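The following report examines selected secondary-structure elements of the complex shown below, together with the confidence of the model.

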Amino acid sequence: MRPLPSLHRWLFGRHRDEQWPLVLGQRRIFIVPSAAGLLFALVLLVMLIGAINYDLSLGHALIFLLAGLGLVAMVHSFHNLFGLRLTPGRADAAFAGDLARFPLQLENPRRQQRRALDLSLSDQPVVTVDLPAEGRATIALPCLASRRGRLDPGRVTLATRYPLGLFRAWSYIHPSWSCIVYPKPLRTPLPPASPATATDHRQGSAGQEDFAGLRPRQISDPTRHIAWKAVARRSDEQALLVKQFAGGVSDELWLDWSLTPTDRDSEDRLSILAGWVMLADEQQACYGLRLPGQQIAPAEGSVHRANCLQALALYATGEAQDAA
Amino acid sequence: MRLRQRPPIDQGAVPWLLAVALATASPHAENLPPWLSLLFAAALLWRAWLWRQRRPLPPRWGLALLVLGALAGIAWHYRSLLGRDSGVAMLVLFMALKPLEMNTRRDALVVVMLGFFLLLTHYFYSQSIPTGIWLLASCTLLTAALIRLHGGAQPLADIVRQAGLLLLQALPFMLILYLLFPRVSGPLWGLPQDAHAGRSGLSSEMAPGSISSLILSGAIAFRSQFAGEMPERADLYWRGPVLDSYDGLTWRSSAQQTGRPRSAPAIESKGAQYSYTSIIEAHNQRWLLALDLATSLPAGATQAPTLEVLAREPVRTRSRFSFTSSVDYHVSRVEAAAILQQALTLPEALNPRARALADRWRSRPPARIADAVLSMFRNEDFHYTLQPPLLGVNAIDDFLFGTRRGFCEHYASAFVFLMRAAGVPARVVAGYQGGEVNPVDGYLIVRQSDAHAWAEVWLAGEGWVRYDPTAAVAPSRIEHGIVAALPEGEPLPGIVGLDVDWLRQLRYRWEAANNAWNQWVLGYNPQRQREILSRFGIPNADWQSMSASLAILCGVALLLVTVWTLPRRRRADPAQRAWNRYCTALARRGVTRAAWEGPLDFARRVAVERPHLAALTSEAARCYAGLRYGQGNSEQLLVLQECVHRLPARWRKNA
């Protein structure tokens, strides 16, 4: 619990920010003396007492200079944030247990550099960035994706102690961003391919093992299918050749919820399914996904993989399933 | 909650912090025992080597042992750990060893703060111009170290420039504070009890209540150390200003009128001579509070015709003076006529009853008259109290025949008045009486609460003879001090009884806090600050006007610094502004240029969506693109601006 929740809400509890780029104005910037600043003030006080007691005129001058330095440092800390322009980007999906990264673009419109800007999502590691004069930088804010689903990283804290560490100026930015967190893949062997729905005559033969010829490479062909020997032989040719395999109509590989061990809990079963998806994708298999009440038709490629993993990520989270 | 982690120190900042240690501590080498300077140099070199080799820092227990050993060395060298010089030595020791356990940014901050402290201690030894320049240089270095510590790696020139900029902006604040910060003249623990009593100590006049306000202060007036024996407590009369002019209300020193140069007063010492040294706290007056009567004076001091010892300049800082005094003496058997005349002057037409009483004694010998007054004080219903009733215009009459309650100033004043009225030269002497011996160091400590006033009478053939009428009323005041003399129930100066209930305690505390506030906030207008301020056209500056101007000027300076560092918004160039106006006008008609859309793309889209604007827009876009991305010339700018004007005026409104 925070003390004085209503005060806290009044001060910091803003709605999500909608207008981008967001320009940090004075109403968004908070500034308080840091622990070092309080120590500095205490040191100055003790020094002042000493200077008075020993009647040190230069001592007074030193103390007053340092007091002025403290005030000036406050202004500089504030200006290190003031006028900064921020634009959030779209976060890529991550696996549970990994770090999700939320991109944020910072733009410094003024002609002085800004230094030592500490950015962090709540309770997450801090990223420190310097901005050159009239420069910009895009940083990826790490956020530990602890469980599958949709991850809302909360607000960003943008803080700085530059230049002297005597003050901490900070601001909160709360973009309405989120990312999909896939279940942590659990590596288990793939289930056996089931006969294709339209059962054909080529039972039992895996579609990637029967060499059928060469053809020019399409952009979507995996590199491992490139027929390097053939390419080397025909070095004058522009196009790469790929090996074509028989078995385009192979058995359908169904990654089915019901094939997962029933004695595991549902999160483990989703993890097993995610592991299968990863494995099947690595083997460039054509696979479909069956979840209770949901089915993704067999296909292959990275878009398909993302669809499957997203379905697993959002399974039974209450979010509408658009990929079906 | 946020993670509470101590950020480790940036290794690149280490040389900066070592430079801080070197710059702030090395000038002390001439005042330090050589072994400590060597230890300092060795520790710094060791740390630098560790940094260079990227080795781990030594274990803490080792450093602790080193600190303990060095502290013992300092204690042995200075015979104490409490003191200015040993304090500086300890700071240097910490500055030497702290870098060896500098792991986190917080440790580094401690080094910088130690550096600030060490800078201050330089001024114990020197406040010359080079030291002042060194101040700015080392402040720049310390600021730069802080910037490096918090700003990460950056070019040296950037760090120094930023530090210089910060200090440059801090300078106005320093000047304002230096000029206007209500100054306190040190030491802090010798402050006046009452802001209206001016400076701590006696003043050159004695108005009703001026001594009693002094008496309530436990602040130290001076300390004395006797070379040999000390006189009896009852003989400890420390002479301050001689007040020989009376206007019916206030006794004043007439030194301005009679203080012309004169040969030294004729002193015939009868008894032992006492040699002693006094450390007098700053009281901003010239008198040196010698024991009555000084026979040899410190260098530069003079003895006034009225026998008080005067320094050449007012005592503005705590200073040390040596005297020899005799407590049994004859002085000025032959006295100047002007001084005797001054010692007989009384205001006309005041205190008729006292005059009548004195007239009856006129025929007696002067010594008998004095005895008569003292026996009156002793035998009639007179009381000693620090809370006397108020007196009217005829103050002496009211006191002698009415209230009969008062303390030294009343008794001395009445006594001298009666003597003068009876035709005997007499004067009031203000000063201190008594003191207490501190058993620890053997110094006699005389506090403001020992302030006293007594009388001197000139007797033909004997010279000036001291009479203390207070002693007649309250002998214990002279023999045991003020606390013993006061009746029960009166607040005791400096000492509060322990058997009071908690509510009274609380009230005393509250009053003390109020008092402290008055002293700290209201009380300090040291003369020099006044002089300077009046030169700047602020005569009679009080703390309110000083603080107000301080706040206002600091606010203005802060505002200026803020504006100075405000991010300068770049004004868009004319081509950009014209293009923006054109696009804004079109947006108002429903064709909004997307942020990513280049001018030519936009013109193509406009041509599709608003065919009637196709030609104009393509012209504008072509000009803008030429200005922005091509060579660009002034003609294109004119054409672009012309395009804006060719749009209907109502679209351009407020654009």
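In helix H21(B), the buried residues (those with 20 or more other C-beta atoms within 10 Å of their own C-beta, placed from the backbone) are B:Ala578, B:Trp579, B:Tyr582, B:Cys583, B:Ala585 and B:Leu586. Viewed down the axis of H21(B), these residues fall within an arc of 155 degrees, so they line one face of the helix; the arc is that of the directions from the helix axis to the C-beta atoms. An α-helix has 3.6 residues a turn, so residues three or four places apart point the same way. B:Gly590, which follows H21(B), has a positive phi near 100 degrees. Helices (H or I, at least four residues) and strands (E, at least two) are DSSP runs, numbered from the N terminus.

The model is predicted: local features need pLDDT of at least 70 and side-chain atom pairs count only at pLDDT 80 or more, whereas totals for chains, interfaces and linings use all residues. Residues are numbered from 1 along each chain as its sequence is written, while chains are lettered from A and ligands numbered from 1 in the order in which they are written.

Two open sheets are set out below; strands pair if DSSP finds at least two bridges between them.

In chain A, four bridges join S16(A) (residues 287-291) to S17(A), and the two run antiparallel. A:Arg290 stands opposite A:Gln295 in S17(A).

In chain B, two bridges join S9(B) to the antiparallel S12(B) (residues 319-326), and B:Ser296 stands opposite B:Thr324 in S12(B).

Chain B averages a pLDDT (the predictor's confidence in each residue, from 0 to 100) of 80, and 84% of the residues score at least 70. Over residues 189-199 of chain B the pLDDT is below 50, yet this stretch has 33 contacts (C-beta atoms, placed from the backbone, within 7 Å) beyond near neighbours in sequence. The model scores ipTM 0.73 and pTM 0.56.

Note on methods: Buried ≥ 20, exposed ≤ 12 C-beta atoms within 10 Å, placed from the backbone. Contact = placed C-beta atoms within 7 Å.
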